[in-house]
Amino acid sequence: MSDLKIGGLARRTGTNAPTIRYYEEIGLLRLAHRQAGGQRAYGDADVQQLTFIRRCREFGFSINQVRSLVALVQDPDSSCVHARDLAQEHLVAVRSKLAELKALERSIAAFVANCDASCAGGPGPDCVILDDLSKGQKETSFPSETPRSKRSPFPNGSAGPAR
């Protein structure tokens, strides 16, 4: 099949037309053959390559990683080891992000639990979540389960600012 227009290519590959044009612009996808009226025309090889690119992106590979994978597909002398190394590198990055997300989940769950135990249903300004977020610390140490309204708002626990 040839002379597939950009809309048809988009439907066949699950990719939208602006993305296809972008991939052509950055050289990830070969420039389409142009028909007499200037419309892009694609063939089966374009469908196959764009499907490959889209799948790589679905797996979270960066544009540069996809560029490397596309080059490996197109080079008959390339080794599978290069693809494996790229995938391994990406796996390490994904696992790192996953660990960060798990830590974020624990922190947010602690916010919610602390709020449930201390101030849920109280006035917004007395919310321990808002108090903890305002501290500006990446790793928040959660205060005791004493409601904020019963805690001193001052860092040294005094009744007022130091004079």
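Entry 1: I began with Tyr-22, which is partly exposed at 39% relative accessibility. (Buried means under 20% relative accessible area, exposed over 50%, and partly exposed in between, with a 1.4 Å probe and protein chains only.) This is a predicted model, where local features need pLDDT of at least 70, side-chain atom pairs count only at pLDDT 80 or more, and totals for chains, interfaces and linings use all residues. Residues are numbered from 1 along each chain as its sequence is written, and side-chain values use heavy atoms, leaving out hydrogens and water.

I then looked for aromatic pairs and found one in the structure. Tyr-22 and Tyr-23 form this pair, at 6.0 Å centre to centre and 45° between the planes, so the pair is tilted. (Rings of Phe, Tyr and Trp, the last by its six-membered ring, pair if their centres lie within 6.5 Å; planes under 30 degrees apart are stacked, over 60 edge-to-face, the rest tilted.) Tyr-23 is buried, at 7%.

**Entry 2: the core.** Next I looked up the largest nonpolar core, which has 22 residues. (Such a core is a set of buried Ala, Val, Leu, Ile, Met, Phe, Trp, Tyr and Cys residues joined through side-chain atoms within 4.5 Å.) Among the members touching the most others are Leu-9, Ile-20 and Tyr-23.

**Entry 3: Ile-20.** Is Ile-20 buried or exposed? I read 0% relative accessibility, so Ile-20 is buried. Beyond four places in sequence, Ile-20 touches residues including Leu-9, Tyr-42 and Leu-50. (Contact means heavy atoms within 4.5 Å.) I also checked Arg-54: Ile-20 lies 34 residues from Arg-54 in sequence and 9.9 Å in space, C-alpha to C-alpha.
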